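Hello,

Please find the structure below, for your files. My notes on it follow.

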Amino acid sequence: MSFIIDYYNYWIVVFLMMAGFYIVISANNLVKKVVGLNIFQTSVFMMYISIGKVTNGSAPIVAEGITTYSNPLPHVLILTAIVVGVATTAVGLALIVRIKRAYGTVEENEFKDKDDLI
Amino acid sequence: MAVFIDLMLLGMLAITALRVIFLKDLFAVVMLFGIYSFLSALIFVNLDAVDVAFTEAAVGAGISTVLMLGTLALTGRKEKTNNHKSWLPLLVVVATGAALIYGTLDMPPFGDPNNPAQQHVAPRYIQDSPQEVGLPNMVTSVLASYRGFDTLGETAVVFAAAIGVFSLLGLPKRDRAAIESGLKSHLVLRVVAKLIIPLILLFALYVQFHGDYGPGGGFQAGVIAAAAIILYALVFGLPLATHVLQPSLLKVLAALGVLIYAGTGVVSLFLGGNFLDYNVLASDPIAGQHLGIIIIELGVGITVFAAMLAIFYAFAGQAERKNIP
Amino acid sequence: MILETLSIIFLVLGAFFSITGAIGLFRFPDFFTRVHAASITDSIATLLIIIGLILRTDFGLIAVKLLFILIFLLLTSPTASHALAKSARHGGLLTMAETRDDKNKEAH
Amino acid sequence: MLILAATCIAILSVMILALARALKADTVYDRILGVNMFGTKTVLFIAVIGFFSGRPDFLDIAIVYALINFIGMIAVLRFFEYTAAEEQEDDTAKEDRTS
């Protein structure tokens with residue numbers, strides 16, 4: 001039982017990661033691929049934060065009467081990663097909009113066919 | 001209780017992710033992705049990462065959803081086909097997942113205080129940063145002071161991404177105020193939005209300057225302020241919003257923020273310290289740290305605000321252009 | 001002690017109203033009835049739970065923040081529900097009674 | 001303490017019901033309603049969990065949630081008004097073709 005309590009967090013995170021990965025490789029629509037990529041990304045963030053958690057610890061903001069704090073380092077890394085993640089997502093979405101303009105579609109197989117025509 | 005809540009939230013997250021795989025209506029996919037972001041932010045709260053939860057709620061759930069909806073408005077709502085019938089992707093995913101789960105078995109147990117991750121540099125941050133930097137929020141200390149170089153790089157990435165989006169989509173021009181848009185028929189909404197937008201801006205300022213003492217800081221404040229203007233643009237139309245805050249001004253602001261950040265580093269070089277060493281900014285090292293952190297957080301806030309808003313303008317400008325027959 | 005008891009009463013009532021609203025959201029037959037059920041959790045349940053929490057503070061900054069959340073939620077969530085129902089109506093969604101009438105007309 | 005735990009669990013179950021409504025929706029509007037309710041309950045959940053864990057000074061996160069939830073709803077409505085016009089055009093185009 002304690003084995004499950006020790007590891008369940010990692011397992012569910014791996015499951016989410018794989019769900020995102022599956023969307024990325026199986027979806028044909030580029031917007032859905034971006035959603036899959038974001039799900040994947042969020043699960044990686046969760047992995048980092050789980051590693052920094054200390055049982056019975058508290059948020060790393062100094063307060064009276066609290067002795068154990070969780071590790072602040074993963075929080076810093078992930079905080080900036082989230083903002084950078086949304087910035088790169090925006091670039092990806094902008095590319096999708098341009099692809100739609102150029103090919104008239106955002107389905108992967110359709111614009112591959114059009115590539116062959118040109 | 002914490003474990004129970006954690007399990008419930010993770011379970012909901014897993015169900016949402018599974019549902020996203022099989023939905024073909026991309027609009028529903030984006031809605032569920034919004035729920036997914038909210039849920040993951042809740043999990044961050046439960047795992048003590050309040051600053052991260054703050055950022056995820058504002059950025060992941062807010063800005064991402066708005067941008068994805070903007071893209072959908074331009075590219076269409078339905079996914080036509082997908083490869084769910086073919087077995088190869090499933091095989092790849094199952095194999096990778098099995099390998100990763102096998103890998104987790106060698107990881108240290110979840111939440112153990114003796115984990116290697118808790119041993120190396122973290123104790124120093126936790127024990128010494130309140131004295132060395134003088135701020136109660138260790139995340140802000142590490143973000144702005146100990147790892148200031150890293151954060152400068154991240155700010156530059158946000159700036160670069162905004163430049164990338166401009167060059168791909170272009171910014172809307174200011175003088176197209178003739179086209180009326182926005183949610184014209186929703187009177188109640190317009191009144192309530194007018195009441196709320198100043199409150200949101202005030203809250204953004206609070207988050208910006210209270211970030212040293214509680215959850216918050218430049219990244220979150222920038223996003224919240226941008227969200228206020230985005231709300232204005234959504235309710236009253238893009239032309240009015242560009243009239244209030246011109247796109248060309250945003251370009252300047254985005255660059256200015258990075259300049260403030262890097263400039264602080266250069267000033268500390270001239271005052272005889274290392275790059276981004278705030279101790280030399282004032283006669284007292286702690287006061288110097290305070291001053292330095294407030295200035296660079298301001299730089300981060302300005303860049304993130306301008307970059308996020310400019311990215312939104314770029315997408316909304318495309319959508320408005322498509323609407324003109 | 002009185003505050004504690006009051007707080008418990010408010011929280012229990014709030015939880016009760018939340019759950020009734022949620023069951024309504026899940027079980028009611030069409031969209032407009034569901035909006036009606038959801039609105040109870042938006043207004044009274046929020047009010048009761050936040051007042052219950054305010055009674056547990058020492059009436060300082062935390063109470064002010066809770067009050068801010070309360071005002072914000074009371075302003076925004078009914079507005080959002082209203083705007084949603086309005087746009088559903090404009091989008092051509094019919095209530096259950098109206099769909100029944102339509103079917104009757106077609107039958108005649 | 002017990003009452004806070006009970007309230008937490010009550011709100012959590014409300015969130016599950018709202019999520020179920022959002023996952024299994026008859027119309028798009030139902031889905032949005034579920035998402036909206038999920039958001040407002042999340043705000044309350046964070047407020048209660050702050051008191052439960054003994055550090056109620058993190059209410060800022062709840063405020064951000066309330067705010068972003070509202071903006072998300074408005075974005076969805078705007079998206080609707082935007083695409084509704086387009087779909088109507090599609091419909092009229094179809095009618096033209098049939099007639």
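**Helix contact in chain B**

In this predicted model, Tyr125(B), Ile126(B) and Ser129(B) of α5(B) make contact with Met138(B), Ser141(B), Val142(B) and Tyr146(B) of α6(B). By residue class, this contact between α5(B) and α6(B) has 5 nonpolar members, 2 polar ones and no charged ones.

Two packed helices are described by the angle between their axes and the distance between the axes. Here helix α5 of chain B covers residues 122–132 and helix α6 of chain B covers residues 138–146. Their axes come within 10 Å and cross at roughly 85 degrees. Because crossing angles of 65 to 115 degrees count as roughly perpendicular, α5(B) is roughly perpendicular to α6(B).

**Chain C**

Chain C has 4 helices and 0 strands, and its elements follow the order α-α-α-α from the N terminus.

How does the radius of gyration of chain C stand against that of a compact globule of 108 residues? The globule would have a value near 13 Å, whereas chain C has 19 Å. The C-alpha trace of chain C spans about 65 × 25 × 15 Å along its principal axes.

Of the 108 residues in chain C, 36% count as buried. Counting the contacts in chain C with a separation of 6 or more, 65% are between residues 24 or more positions apart.

Regards

Notes:
Residues are numbered from 1 along each chain as its sequence is written. Chains are lettered from A and ligands numbered from 1 in the order in which they are written. This is a predicted model: local features need pLDDT of at least 70, side-chain atom pairs count only at pLDDT 80 or more; totals for chains, interfaces and linings use all residues. Helices (H or I, at least four residues) and strands (E, at least two) are DSSP runs, numbered from the N terminus. The radius of gyration is taken over C-alpha atoms; the globule rule is 2.2 Å times the number of residues to the power 0.38. A residue is buried if 20 or more other C-beta atoms lie within 10 Å of its own, exposed if 12 or fewer, and partly exposed in between; C-beta atoms are placed from the backbone. Two residues are in contact if their C-beta atoms, placed from the backbone, lie within 7 Å. Axes are lines fitted to C-alpha atoms, for helices over the stretch in contact, and angles run from 0 to 180 degrees between N-to-C directions. Angles under 35 degrees count as roughly parallel, over 145 as roughly antiparallel, 65 to 115 as roughly perpendicular and the rest as oblique. Ala, Val, Leu, Ile, Met, Phe, Trp, Tyr, Cys and Pro count as nonpolar, Asp, Glu, Lys and Arg as charged, and the others, Gly among them, as polar.
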